[in-house]
Amino acid sequence: MTTSEDFERWGGAAAWASGEELTPMQTLMWRAERHPVQSSTSTVVIDLDRAPDWKRFVAATEWGTGLVRRLRQRVVEPVVPTAAPRWADDPTFDLGYHLRREHVASREEMLAQAAQIALRPFDRTRPLWEGVLFEGLAGEGGAGAAYVLKIHHALADPLGTVQLLSMLQSGRRAHTARKPVGAEVGAPAVVDPVDLAVSGLRAGSANLAASALSTARTLVSTRPSTAVAATLRYGASVRRLVSQAAPPSPELSPRTGRMWSFLTLEAPLDRLRAVAKQGGGTLDDAAVALVLGGLRRYHERRGGPVPEIPVGVRVSLDRADDLGNRFAGAIISGPLAIEDPVDRVAAVRGEVLSLHTERALEVLEAAAPLLNRMPAFVGAGALQTAAVPDAFVLTLPGPPRRRYMAGAEVQGMYVLGPLPGAALTVCLVTVGDTACIGVNVDASAVADLRELEECLAEGVEEMASAP
Amino acid sequence: MPGDQAVSGLSDEVLAAIDAIEAGPQGPAVGAFFDLDGTLVAGYTAATFYGDRLKGRDVSPAEFLRTVVTAVDGELGGDPTRIAHVAFSAMRGESEEAFADLGERLFRSKIAGTIRRESRALVMAHQRVGHTVAVASAATKYQIAPVARDLGVEHLVCTQLVVEDGQFTGATDGPMLWGRHKASGVRAFAREHGIDLSTSYAYGNGYEDVAFLSSVGHPTALNPHRDLRSAAARLGWPVLDLSDPVGGSLLAAGRTAAALAGMNTGVVAGLSYGLLSGNLKEGRNAAIKLATSLPMALAGVKVDVLHRERLWTHRPAIFVANHQSALDIPVLGNLLERDFTIVAKKEAKWDPRAMVGSVVIDPAYIDRSDSASARATLDGVVDRIRGGTSLMIFPEGTRSATPVLGPFRKGAFHLAAQAGVPVVPVVLRNSGELMRRSSLVLNPGTVDVCVLEPETDWNEDDLSDRIAALHTKFEETLARWPST
């Protein structure tokens with residue numbers, strides 16, 4: 001790892017997320033947020049091989065927030081929601097408010113505290129992140145540490161968070177003296193909520209008139225029967241997407257969404273990829289199959305086997321095998337009765353690809369601009385109408401090699417996502433040759449947390465030892 | 001080669017797909033899975049069955065209403081498999097045997113004619129390279145089995161109905177093989193039969209077929225439903241659009257029926273002429289001409305012959321041809337026109353399709369199980385040849401399942417040596433594509449015929465070498481069809 005590679009990556013970080021307005025989807029999530037039940041907060045837990053020097057750590061964070069302006073910006077809402085909220089520099093930014101350190105005795109204690117940090121709501125008038133360095137973990141040498149970063153979805157989605165962290169970390173343990181800094185900005189941009197609302201209203205009414213006109217034109221030029229048929233097909237697709245997944249499992253209820261419990265697991269990435277390949281699927285499919293393998297065991301031991309459960313997955317709207325830029329969330333029926341891991345991967349693959357026949361897959365994305373003009377509770381209602389899965393499973397690409405934070409080696413990077421109605425949210429991050437699996441569990445929905453953790457660990461083992 | 005398309009009636013896309021199949025891995029570890037409705041056949045076989053139920057007034061108004069409501073709901077995003085379960089439960093108490101018979105009857109009268117010709121060509125391509133071919137469908141075996149048999153497909157992966165004491169209980173054994181269940185059915189079949197899915201092929205048309213198609217390494221969306229078409233574009237899967245049977249199913253079935261009727265009419269007319277004129281031999285010749293040219297004209301089969309004159313320069317002779325189709329006999333009969341007969345195995349005497357012809361051309365039947373009687377029959381044949389009757393013979397013995405040329409048996413050439421007559425080699429191409437072995441369906445098109453240089457002076461000394469040389473000439477002609 002050379003310093004020049006680091007510089008290139010840091011240059012990328014400086015250019016990261018520079019738009020002034022929140023995108024329609026971010027706006028929807030910002031306005032619909034009801035923390036923690038309908039939360040948009042993700043938490044990243046980074047295992048470090050040693051406690052970094054605190055001064056150096058603070059200085060590095062200071063540098064990072066200077067490089068990535070977004071980390072010093074807050075969201076400004078118009079007084080009435082006629083325009084999208086905007087990012088503006090926070091004139092009162094104080095690193096001390098966002099970053100602190102604490103002492104814990106064990107990794108379990110750290111994870112429990114991380115869940116409590118995640119459950120506390122953000123101050124929505126400040127930059128939307130909070131970092132805590134935990135020292136004193138009983139690591140291999142007894143000197144291990146962990147950095148917990150809580151970040152709002154409007155600032156970065158889980159994928160963006162992992163990318164950002166990968167970009168900011170260093171390729172070397174030693175200090176890099178003359179690091180690039182962000183472009184000098186002038187006076188903090190002051191955005192007035194009333195001006196924002198007025199200009200939004202002006203632009204919005206012009207846009208709405210234009211879009212109404214073009215809609216009318218389209219309707220006039222289309223035969224009514226064609227329009228009716230297309231609408232019916234679209235409606236049928238929406239109905240399939242929200243209703244046809246499996247019924248929720250009775251073993252994973254009742255969910256309150258107010259008791260978060262964090263678990264972490266790790267798996268050898270090459271084995272996961274090998275099983276995925278055998279089943280004709282991707283790493284995402286293997287991650288879903290792994291979680292289902294663990295949940296299958298849990299259901300069997302609890303004496304309530306079910307054939308399938310609804311699982312929330314992310315589908316690329318571009319090409320199935322590419323990462324692409326546009327994603328939609330959708331629910332599949334996750335096969336819970338298949339014992340063979342390879343066959344389970346193939347079944348998951350089939351379910352995920354089948355979503356591509358649904359013309360309504362883009363419905364949430366398409367609906368976002370319209371919903372944003374409604375008061376917040378309407379948007380929240382729209383998000384709730386979609387059926388809620390038992391588990392969300394997400395795969396995120398992390399750094400290809402081990403990286404360093406202020407001289408401490410990153411040994412694992414776990415993303416603990418929010419629980420928007422699900423009993424589990426599972427994020428698999430690829431870090432070097434390891435799959436770091438972070439699981440957020442709704443503790444009110446799971447009768448035996450230890451049993452679940454064991455079952456998930458066996459699910460990992462089953463994948464790792466598949467022939 | 002140019003002209004292939006016109007001759008074979010297959011589109012360039014299908015020909016390219018067939019080339020790719022033939023260039024890929026071969027053998028039974030490669031699977032080829034075909035959906036039934038909308039893929040192998042145009043339209044829905046279930047609709048044919050239901051139409052028959054309606055006609056027979058087996059359906060109460062309540063059942064009809066429930067069916068329609070369920071079908072509409074399935075279209076509007078409800079559970080699309082419920083319609084089938086409604087149909088299955090309405091079958092409770094019906095006899096399985098009667099239903100299987102109905103399947104056979106509907107196949108002959110309606111469904112056979114809806115088999116897509118290009119789908120058949122794809123099935124045959126997979127069979128040629130030895131793949132394990134299966135029909136994978138949510139339909140029941142009563143709908144599928146006759147189609148599979150016609151295509152020479154042995155394996156079915158399909159929805160099973162529970163039968164007790166010969167009657168349907170109205171329930172299914174296991175899930176209906178629709179959507180994800182079809183996919184898992186195919187994966188289970190692959191495990192049982194040692195099939196490597198990553199090199200296997202699947203063909204389907206419905207939006208519910210994505211999971212099924214994604215189970216294999218080579219999926220193809222065939223005449224896809226609107227939503228499958230967009231999914232295929234997104235997933236980068238090839239799309240093949242096949243032409244439906246010309247003028248719809250009824251016409252194709254009608255052609256086949258007309259061809260059979262035409263053959264009988266020709267025989268009867270010809271024999272009547274012979275009886276009336278008092279000349280049985282001329283009557284036979286007239287019957288051959290009518291019996292062979294009428295059906296081919298009715299079915300839209302044309303014959304394109306290279307070197308037709310060679311059929312007449314060396315009579316009497318032994319005409320040897322390669323054999324792929326039941327169509328070969330009327331085609332050759334049509335070419336030879338008069339004064340010939342065939343040698344057939346004894347069992348063929350009772351084959352209804354051959355019986356009509358056998359009355360006319362008085363074949364020499366050989367009992368293969370009894371070599372003494374076989375030799376005696378052949379001695380009689382030598383006398384008939386010397387008396388001026390030519391002999392038509394397929395030296396491969398049986399029809400080949402594929403256009404690949406089988407080894408030649410020596411019998412025909414021994415006869416040429418014994419009778420002292422020349423051998424006229426006739427190479428046939430495409431007849432297997434127009435009417436497949438053991439198929440009931442005759443497709444319109446053109447059969448290519450090339451008559452090779454007649455070979456004279458056969459004797460026992462160098463028989464094997466000359467047969468081998470002739471076999472090579474057949475292969476070369478099939479591989480590089482001469483232009484003149």
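**Entry 1: two helices in chain B**

I started with α2(B) and α7(B), which are roughly parallel to each other, a label for angles under 35 degrees, with over 145 called roughly antiparallel, 65 to 115 roughly perpendicular and the rest oblique. Before going on I noted that this is a predicted model, where local features need pLDDT of at least 70, side-chain atom pairs count only at pLDDT 80 or more, and totals for chains, interfaces and linings use all residues. I also noted that residues are numbered from 1 along each chain as written, chains are lettered from A and ligands numbered from 1 in written order, and side-chain values use heavy atoms, without hydrogens and water.

The axes of α2 (residues 12–23) and α7 (residues 117–128) of chain B come within 9 Å and cross at roughly 15 degrees. Axes here are lines fitted to C-alpha atoms, for helices over the stretch in contact, with angles from 0 to 180 degrees between N-to-C directions. Helices (H or I, at least four residues) and strands (E, at least two) are DSSP runs, numbered from the N terminus.

Next I looked up who meets whom, contact being heavy atoms within 4.5 Å. From α2(B), Val14(B), Ala17(B), Ile18(B), Ile21(B) and Glu22(B) meet Glu118(B), Ala121(B), Leu122(B), Ala125(B), His126(B) and Arg128(B) of α7(B).

**Entry 2: a pair in chain A**

I then turned to α10 (residues 283–301) of chain A, which packs with α11(A) at an angle of about 120 degrees, their axes 9 Å apart. That angle is why α10(A) and α11(A) count as oblique. On the α10(A) side I found Asp285(A), Ala286(A), Val288(A), Ala289(A), Leu292(A), Gly293(A) and Arg296(A), which meet Arg344(A), Val345(A), Val348(A), Arg349(A) and Val352(A) in α11(A).

**Entry 3: helix α9(B)**

Which elements cover the buried residues of α9(B)? I found α11 (341–354) of chain A among them, along with β1 (31–34), β2 (132–140), β3 (155–164) and α10 (210–213) of chain B. The buried residues (under 20% relative accessible area; exposed is over 50%, partly exposed in between; 1.4 Å probe, protein chains only) are Lys182(B), Ala183(B), Gly185(B), Val186(B), Arg187(B), Phe189(B) and Ala190(B). Just past α9(B), I saw that Gly194(B) takes a positive phi of about 60 degrees.

**Entry 4: Asp52(B)**

Is Asp52(B) buried or exposed? I have it at 15% relative accessibility, so Asp52(B) counts as buried. Asp52(B) sits in α3 (residues 45–55) of chain B. Leaving aside neighbours within four places in sequence, Asp52(B) is in contact with Leu102(B), Arg105(B) and Leu106(B). Leu102(B) is 50 residues away along the chain, yet its C-alpha atom is 9.2 Å from that of Asp52(B).
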